[in-house]
Amino acid sequence: MQDKSIRWNRRQFVTAAGAAAAGAWSGSSLAQDASAPIVLGQSCALSGPSAQLGTQFSQGAKLYFDQLNAQGGVGRRLVELRTLDDGYEPERCVANTQKFLNDDVMALFGYLGTPTSMAALPLLQKAKVPLIAPLTGGAGLRDPKLAQTVFNLRASYADETALMVKQLVALGLKKIAVFHQNDAYGQSGLDGVTQALHSHGLKPVGTATVERNSQDVSKAIKTLLPLGADVIVQVGTYAASAAFVRAARQSGYGGQFYNVSFVGTSALAQELGKEAEGVVVTQVVPSPYKTSHPLAREFQAALQKGGASLQPNYSSMEGYLAARVVGEALKAAAAGGKLQRESLIAALDSLNGQQVAGFPIAFRPQAGKPRFVELSMLTGDGKVRV
């Protein structure tokens, strides 16, 4: 059932979709076969130190697609999510992407991470296949030139770090250091912190790195702890971030730790156990544990109906939301005639500025309408306070 909060201009959409379909591209064999499944390709970490994040997101997406298919799918066609493990390694992501393109998938969906998604980007651009709701806030995927290629559902790392710094400065905590992954993801987070501090006439008191898929934080500890920072902002995965928190506290550090959402809230809490107390994480979707937001209510209802084995958390609800958005776009694209990539892209464009399950869709920035970001704090018993 289409979300009541979405107001489609059908005539405008059908015209746009028809004009797109009249172009040079003739559509994939999967898109043209009225009985074939609608196939989406997802490359993400299902193994390695980021596995929990990828698994949770994929499970949330599958929860929605399973329920959509149980209702007849889209135009009596089932939606199939094909997920391949890349271990959060760019080379494996590129290989997975090439396989998806060879298989002529309708679109790519829910890629995990900045370095992996950036590595696959040239293939997407060449093939003119959209990437929908990648699990990253990296700046490189938000270039306006990519507006018809990458549809970012979540807030950027610049959005997340801006909120962090705003709160910290308001609290009088101005000595801020950054511990970040040594790649495009970490650099994007560091740039966000640096820009936010600059707006307050400040700069980081120090920075240190950790390699992707590594938990060796010894050099970073030796670099940052002597600086006496009030707060250390972490831009890493849950395994490395947890290792840093433990090592820093064992060394006597008494300051605070702030993390961007990509860390994986539940995964970080599980890694730290009682040591999670007081660790802050920015969130790009509402709390899945409350019922105050329509998305959370819908997600909880979906879990009760068909997700008995799935634990509610931020990552799984983000996957559910991403699939929900894709489902709305597919329905609109199919309503306009033949379901093709161009009509799907036109439908996604029409969603910009609308709401799905009460969540504001902002694939492209809109003046006066910031993307959703809020702060949460972990407790020592595995809970999250917002």
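Which residue's side chain meets that of K99 in a salt bridge? The views below are taken from a predicted model, and the first of them answers this question.

**View 1. K99 and D103 form a salt bridge.** The side chain of K99 meets the side chain of D103, with 3.8 Å from N to O. K99 is partly exposed, because its relative accessibility of 44% lies between the limits of 20% and 50%. D103 is likewise partly exposed, at 30% relative accessibility. In general, side chains of opposite charge can pair when their charged atoms come close. Across the whole structure, a search finds 14 salt bridges.

**View 2. R154 and E160 form a salt bridge between buried residues.** The side chains of R154 and E160 meet at 3.8 Å, N to O. R154 has a relative accessibility of 4% and therefore counts as buried. E160 is buried as well, with a relative accessible area of 0%.

**View 3. D349 and R364 form a salt bridge that links distant parts of the chain.** The distance from N to O in this pair is 3.1 Å. D349 belongs to helix α13 (residues 341–351), whereas R364 lies in the loop between β12 (359–360) and β13 (374–378). The two residues are 15 residues apart. D349 is partly exposed, with a relative accessible area of 21%, and R364 is partly exposed, with a relative accessible area of 30%. Elsewhere, salt bridges that share partners join E80, R82, K99 and D103 into one network.

**View 4. Helix α7 comprises residues 184–198.** The helix has 15 residues, and at 1.5 Å a residue it should span 21 Å. At the N-terminal end, D183 caps α7: a side-chain oxygen of D183 lies 3.1 Å from the backbone nitrogen of Y185. Y185 is itself one of the buried residues of α7, which also include G186, S188, G189 and L190. Further along the helix, G192, V193, A196 and L197 are buried too. Among the elements that cover these buried residues are the helices α5 (114–127) and α6 (157–170). The cover also includes β6 (176–181), β7 (206–210) and β8 (231–235).

**View 5. The largest nonpolar core has 105 residues.** The residues with the most contacts inside this core are F65, F109, L153, I232, F244 and L268. Helix α12 (residues 314–335) gives the most to the core, with 12 residues. F244 illustrates the packing: leaving aside residues up to four places away in sequence, F244 touches F179, V217, A220, I221, L224, L225, I232, Q234 and F257. A second, separate core has 15 residues, among them F100, L101, V129 and L131. In soluble globular proteins, nonpolar side chains tend to be buried together.

**View 6. C44 and C93 are in no disulfide.** The count of disulfides in the model comes to 0. For C44, the nearest cysteine sulfur is that of C93, 9.4 Å away. For C93, the nearest cysteine sulfur is in turn that of C44. C44 counts as buried at 1% relative accessibility, and C93 is buried with a relative accessible area of 0%.

Technical notes. Residues numbered from 1 in each chain as written. Predicted model: local features only at pLDDT ≥ 70, side-chain atom pairs only at ≥ 80, totals over all residues. Heavy atoms only, no water. Salt bridge = Lys/Arg side-chain N within 4 Å of Asp/Glu carboxyl O. Buried < 20%, exposed > 50% of the residue type's maximum accessible area, 1.4 Å probe, protein only. Helix = DSSP H or I, 4+ residues; strand = E, 2+ residues; numbered from the N terminus. Expected span 1.5 Å × (residues − 1). Contact = heavy atoms within 4.5 Å. Polar contact = N/O pair within 3.5 Å; in protein donor to acceptor, adjacent residues only side chain to side chain. Core = buried A, V, L, I, M, F, W, Y, C linked by side-chain atoms within 4.5 Å. Disulfide = S-S within 2.5 Å.
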